[in-house]
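Subject: Structure handover

Hello,

Here is the structure I said I would pass on. Please open it first, then read the notes below beside it.

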Amino acid sequence: MKILFLNLPYKFNISRASRWPEKTKAGTLYYPYWLAYGAGVCEKKGIETKLVDCITREYSIEDTLNEISNYNPDYIMAEITTPTCFYDFETINIIKKENPNLKIIIGGTHATILPEEVLNQCNGIDFVVRQEYDFTIPEIIFTLNNSGNIDDKGDISEIKGISYRSDAIHSDDESIERVKIFHNPDRVPLDNLDELPFVSKVYQKFLNVDDYAYAFAQKPMIQIVSARGCPNKCNFCSYPSTLGGRLFRTRSTKDLVDEIEYILTEMPEIKEIFIEDDTFTVNNERIIDFCDEIIKRGLNPIWSCNTRVDLPFNVMKKMKEAGCRLLVTGYESGSQKVLDETKKGINLQQSLDFAKNTKKLGIKVFGCFMIGLKGDNLDTINETFEFAKKVYPDMCFFQQAVPFPGTEFYEWVKEEGYLITEDYSKWLNDDGYLNCLVNYPYASADEIEKIRDNLMSKYYFSFTYIFKTFLSNLDWIEFKRVFRGGYAYISFRLKKLVKKS
């Protein structure tokens with residue numbers, strides 16, 4: 001039994017594991033970390049496993065077919081996203097046509113929320129694995145092979161969290177065949193995350209860490225996960241609505257710090273560890289324990305994480321002492337009304353306090369802002385920009401809100417008639433960037449795009465920002481990071497201006 005985990009090829013460098021799958025504007029490229037965790041579990045179960053990132057290898061479809069032919073797997077596991085799904089379907093169907101005996105398993109955000117649509121639109125797919133699929137895949141393999149072990153469920157119908165087609169069923173009229181799609185009950189989310197392998201070991205075996213980057217992180221960086229699920233209720237966020245769910249589950253402090261120690265010892269080339277939880281700082285007591293364990297062991301990692309602006313100062317201070325370099329947070333809006341409409345669960349004073357505390361401690365901040373959220377208008381968008389200048393993150397991101405299927409935001413724009421298209425093949429433009437997909441009464445999609453670009457230019461190209469950024473990044477390592485990200489973003493904007501002219 002052999003399985004090939006494939007990060008499918010695409011026309012652009014795109015991060016399918018990102019919450020924002022599009023071509024990067026500033027040099028960011030995610031590890032295919034969901035696939036990597038699945039690959040690690042399969043290896044642990046004794047299945048012959050390989051992980052190939054067709055994006056970083058710049059594989060064409062032909063290259064991908066050659067990779068499959070050379071490895072000759074029995075199963076392929078891949079992920080699809082909403083913006084890439086139609087291209088992914090074409091790729092999958094080509095693979096299936098060339099390898100008709102292969103079983104192709106597909107997961108990811110889009111497949112999780114729309115499994116029936118996905119199976120109807122792509123005949124090359126045999127199984128959709130919904131939500132977290134790490135332990136679902138071995139069950140499919142062992143069950144289909146009648147292995148007789150604990151993962152052999154006896155019949156496919158007994159495997160939780162999968163969708164699949166029946167064999168063709170003949171109706172009374174023998175000339176008519178119909179295929180039924182089955183959706184088995186959801187899988188219970190994995191409670192003991194210590195059962196997962198160290199994803200760093202999977203990267204080390206199959207991937208090149210130099211291929212991946214965050215614009216805001218030192219390079220080479222690595223992504224690991226310490227928890228799954230997010231209890232917060234932001235109505236625009238796709239991961240809690242699809243993959244991880246809202247039940248917050250964690251690795252033990254020992255297991256997490258053991259992996260950090262492994263990275264520091266066995267992967268000394270890594271300059272920064274990014275903890276890719278939806279929200280790393282859900283449980284303040286856990287974060288204190290984590291930091292204390294790092295300090296107790298005498299480790300000196302440089303690490304960053306996703307957080308919220310309600311992070312207490314004492315916890316933030318402890319994080320800094322344990323090596324935290326940067327916090328990624330969603331300020332989202334400068335309007336309290338909009339924050340309330342989006343169910344963000346924060347207030348503007350918390351954002352101001354967060355900004356003040358990070359500056360006091362010398363922790364860098366990547367701040368995320370969205371325009372076109374529920375409750376927004378031209379006045380609140382202006383309030384957001386003015387607020388961004390008050391909290392003044394080291395790096396920031398103004399982006400249009402995108403209605404990903406499965407989110408409340410998607411249902412809202414659809415119900416109001418604001419959604420431009422449900423044709424997912426039109427979600428990315430010709431350059432690989434997410435289109436503005438919502439026409440509002442106060443601004444069309446084109447106008448939202450212009451507003452977004454204008455806000456980015458006013459923020460990043462102001463003399464104040466350039467001067468402050470230069471002074472705060474005199475360290476050579478930080479200067480290289482800023483230069484790399486800045487060069488990538490300026491190149492993106494220049495290409496866009498040339499294309500429009």
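A helix here is a DSSP run of H or I with at least four residues, and helices are numbered from the N terminus. By that count, Gly38 belongs to helix α1, which covers residues 33-44. Please keep in mind that this is a predicted model.

Is Gly38 buried or exposed? Gly38 has a relative accessible area of 0%, and because buried means under 20%, this residue is buried. Leaving out residues up to four places away in sequence, Gly38 touches Phe5 and Asp134. In sequence, Gly38 and Asp134 are 96 residues apart, yet their C-alpha atoms lie 4.3 Å from each other in space.

The sheet with mixed pairing

Phe5, one of the residues touched by Gly38, sits in strand β1. Strand β1 spans residues 2-7. This strand is part of an open sheet of 7 strands, in the order β2-β1-β3-β4-β5-β6-β9, with mixed pairing. The edges are β2 (48-53) and β9 (181-183); each has a single partner strand, so one side of each has no neighbour in the sheet. On average, neighbouring strands of this sheet are turned by 20° against each other, direction ignored.

Strands of a sheet pair through backbone hydrogen bonds, in a parallel or an antiparallel way. For β1 and β2 the pairing is parallel and runs over 6 bridges.

How many residues of β1 are buried? The count is 6 of the 6, so β1 is largely enclosed by the rest of the structure. In a regular strand the side chains alternate between the two faces of the sheet. In β1, Lys2, Leu4 and Leu6 are on one side, while Ile3, Phe5 and Asn7 are on the other, and both sides are covered.

The parallel sheet

Another open sheet has 6 strands in the order β10-β13-β14-β15-β16-β17, and its pairing is parallel. Which strands stand at its edges? They are β10 (221-224) and β17 (395-400), each with a single partner strand, so one side of each is left without a neighbour in the sheet. The twist from one strand to the next averages 20°.

Strand β13 (residues 272-275) runs parallel to β10, and 4 bridges join the two. Met221 has Glu272 of β13 as its bridge partner, and Ile224 is opposite Ile275 of that strand. Helix α8 (residues 253-266) packs on the sheet, where it touches β10 and β13; the direction of α8 makes about 160° with that of β10. Helix α10 (residues 313-321) packs on the sheet as well, touching β14 (303-307) and β15 (324-332), and its direction makes about 145° with that of β15.

β13 also pairs with β14, in the parallel sense, over 3 bridges. Here Phe274 stands opposite Ser304 of β14. The residues of β13 point two ways: Glu272 and Phe274 to one side, Ile273 and Ile275 to the other, and all are buried.

Glu293

Glu293 lies in helix α9 (residues 284-297). Its relative accessible area is 18%, which means that Glu293 is buried. Apart from neighbours within four places in sequence, Glu293 is in contact with Thr253 and Val257.

Two helices side by side

The last item is a pair of helices, α13 (residues 378-391) and α15 (residues 445-460), whose axes come within 11 Å and cross at roughly 20°. That angle makes α13 roughly parallel to α15. The crossing of α13 past α15 is right-handed. On the α13 side the contact is made by Leu378, Ile381, Phe385 and Ala388, and on the α15 side by Ile448, Ile451, Leu455, Lys458 and Tyr459. Sorted by class, this contact has 8 nonpolar residues, no polar ones and 1 charged.

Regards

Note on methods: Residues are numbered from 1 along each chain as its sequence is written. This is a predicted model: local features need pLDDT of at least 70, side-chain atom pairs count only at pLDDT 80 or more; totals for chains, interfaces and linings use all residues. Side-chain values use heavy atoms; hydrogens and water are left out. Two strands pair if DSSP finds at least two bridges between them. Axes are lines fitted to C-alpha atoms, for helices over the stretch in contact, and angles run from 0 to 180 degrees between N-to-C directions. Contact means heavy atoms within 4.5 Å. Angles under 35 degrees count as roughly parallel, over 145 as roughly antiparallel, 65 to 115 as roughly perpendicular and the rest as oblique. A crossing is left-handed if the near helix is turned anticlockwise from the far one by less than a right angle, and right-handed if clockwise. Ala, Val, Leu, Ile, Met, Phe, Trp, Tyr, Cys and Pro count as nonpolar, Asp, Glu, Lys and Arg as charged, and the others, Gly among them, as polar. Buried means under 20% relative accessible area, exposed over 50%, partly exposed in between (1.4 Å probe, protein chains only).
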